[in-house]
Number of protein chains: 2
Amino acid sequence: MTNLQDALAQNARAVEETLDRLLPLEECPEARLMEAMRYSSLGGGKRIRPFLVLSSASLFNVDRSCALRAAAAVEMVHCYSLVHDDLPAMDDDDLRRGRPTCHIKFDEATAILAGDALLTKAFEVIADPKTHSDPHVRSDLVLGLARAAGNEGMVGGQMLDLLAEKTALNIPEITRLQRMKTGMLIGIACETGAILGRAHEASRHALRAYAHDLGLAFQIADDLLDVEGTEVEVGKKTKKDSASGKATFVKLLGLERAREHAQLLADQAMQHLEIFEEKGEPLKQLAQFVIERRA
Amino acid sequence: MTNLQDALAQNARAVEETLDRLLPLEECPEARLMEAMRYSSLGGGKRIRPFLVLSSASLFNVDRSCALRAAAAVEMVHCYSLVHDDLPAMDDDDLRRGRPTCHIKFDEATAILAGDALLTKAFEVIADPKTHSDPHVRSDLVLGLARAAGNEGMVGGQMLDLLAEKTALNIPEITRLQRMKTGMLIGIACETGAILGRAHEASRHALRAYAHDLGLAFQIADDLLDVEGTEVEVGKKTKKDSASGKATFVKLLGLERAREHAQLLADQAMQHLEIFEEKGEPLKQLAQFVIERRA
């Protein structure tokens with residue numbers, strides 16, 4: 001895993017630099033907004049989604065500076081969702097990546113606006129010719145990202161998650177919730193490289209299938225961390241879901257079977273990458289990393 | 001003005017139908033999200049921004065069904081901004097278009113998510129080939145809308161507005177605030193027709209100049225309504241800015257000069273449309289309507 005750890009760290013640095021450039025702090029009366037946008041997107045995180053964009057892009061020899069812009073845009077969408085999910089009216093979290101959440105550091109209104117602006121900026125970055133010279137590619141990326149992030153994807157999943165606090169979900173229902181809430185953004189992250197590289201449908205299909213299994217494995221690993229991890233390790237409040245009445249994979253399957261299921265999904269995810277031969281290695285390693293991580 | 005009133009009503013109906021089709025209520029566990037999205041975007045409003053899109057599109061003989069999709073997308077962005085601006089952490093408004101605001105009708109979390117989903121849907125609609133067959137046009141529309149709606153536009157303006165509660169702004173500062181908060185979305189609404197119609201730069205420039213003056217006239221008229229209108233007429237709480245310490249055009253200029261300034265801007269706006277000859281008539285009438293409206 002040393003190679004993967006290095007690759008993750010190297011990519012995370014490059015994404016950090018790209019975000020820093022795309023979100024310049026300029027002197028203006030409303031600078032507080034950009035400060036909150038930067039606070040919520042810079043300085044931390046494993047940058048799993050950008051890693052997926054960059055790794056899938058490298059399968060198709062996409063120009064790295066283009067891939068980095070797209071990776072940063074996907075990460076902005078992820079960061080905006082964290083800012084809004086942490087709000088008092090939503091999950092009401094004070095701690096994120098080991099730091100105060102945006103509405104604690106700034107205030108609620110600023111956090112709402114910073115989230116809105118990060119989401120909007122993501123589309124601005126993707127639609128910019130600097131991200132790709134072919135407008136078809138840019139337009140497809142916008143469409144894919146919007147579908148993954150909207151009411152049939154991430155936002156719909158968060159709505160389900162809020163509603164789930166009142167009803168006990170079963171395995172198919174949790175699977176659908178997680179697919180929407182986290183799976184679809186992971187899916188478009190994986191597919192972004194293929195879109196940028198104008199890859200054949202077979203490659204796109206393989207990446208979609210990989211992402212599908214990876215997303216679920218990722219979520220089960222998250223549930224396991226919530227039960228087994230400590231707050232210091234994970235960087236956010238743990239035992240939250242286990243303390244609440246919320247149904248999770250771990251609660252419904254038990255620790256042992258949840259761990260097995262995550263491994264099964266990771267193995268399956270890796271198999272979809274066979275068509276890329278040794279070029280698929282980083283994405284394969286990531287699937288294993290995702291279920292073994294301690295944070 | 002009878003012609004204009006008819007045209008406004010007719011376009012509002014067409015936009016309503018388009019929004020209704022783009023936001024279908026389907027049976028699913030998270031249907032509450034779409035209900036809130038529909039509640040916040042259907043059933044009311046003058047639909048000024050869609051009217052601007054449709055009128056500018058008709059200058060360049062754009063297919064009406066394409067223009068309606070783009071008009072609906074711009075309106076979604078406007079509606080999302082109202083939902084978030086009305087939140088308790090922001091302007092804390094209970095009444096909008098004569099009805100309870102989204103977070104009152106549903107709850108805060110649902111309102112935050114409905115806003116997020118409307119913004120995301122706007123980009124999805126615009127990036128869809130159904131809106132225009134040329135990906136260049138779609139990509140340009142996304143870029144323009146994102147710039148107008150983001151941290152350098154609408155969201156930045158709302159941040160300024162919140163900060164302005166604590167400091168007394170002067171005329172140039174209020175002008176900049178309003179230009180960002182409402183002017184830029186009005187600007188892209190006017191320009192959308194030109195982008196859809198692949199119009200020459202001279203036409204685009206004229207529409208931008210028109211929008212610039214119109215946006216400011218619109219805002220001054222809003223300030224006048226806040227002072228002079230009643231809650232029943234306007235459909236939202238009035239006397240809000242006048243009761244608060246907030247600086248407005250009316251407060252700084254006085255009623256008389258504010259009214260004169262709005263008329264001057266409306267006249268100026270109309271002059272920019274001369275190059276379109278009689279085809280520019282609806283947009284000219286709108287400029288006069290905007291400063292004379294009672295709601």
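**Helices and the A–B interface**

Reader: Hello! Which residues of α8(B) are buried?

Author: Happy to start there, with a predicted model in which local features need pLDDT of at least 70, side-chain atom pairs count only at pLDDT 80 or more, and totals for chains, interfaces and linings use all residues. Residues are numbered from 1 along each chain as its sequence is written, and chains are lettered from A and ligands numbered from 1 in the order in which they are written. A residue is called buried if 20 or more other C-beta atoms, placed from the backbone, lie within 10 Å of its own. For α8(B) these are B:M154, B:V155, B:G156, B:G157, B:Q158, B:M159, B:L160, B:D161 and B:L162.

Reader: Which elements do the buried residues of α8(B) pack against?

Author: Helices here are DSSP runs (H or I, at least four residues), numbered from the N terminus. Some partners lie across in the other chain: α2 and α6 of chain A.

Reader: Which element gives the most to the side of chain A that touches chain B?

Author: Two residues are in contact if their C-beta atoms, placed from the backbone, lie within 7 Å, and 41 residues of chain A are in contact with 41 residues of chain B. The elements giving two or more residues to chain A's side are α2 (31–41), α6 (108–127), α7 (135–149) and α8 (154–164). With 12 residues, the one that gives the most is α6(A).

Reader: How many residues of α6(B) are buried?

Author: Helix α6 of chain B covers residues 108–127. It is largely enclosed by the rest of the structure, because the buried residues number 19 of the 20.

Technical notes. Expected span 1.5 Å × (residues − 1). Buried ≥ 20, exposed ≤ 12 C-beta atoms within 10 Å, placed from the backbone.
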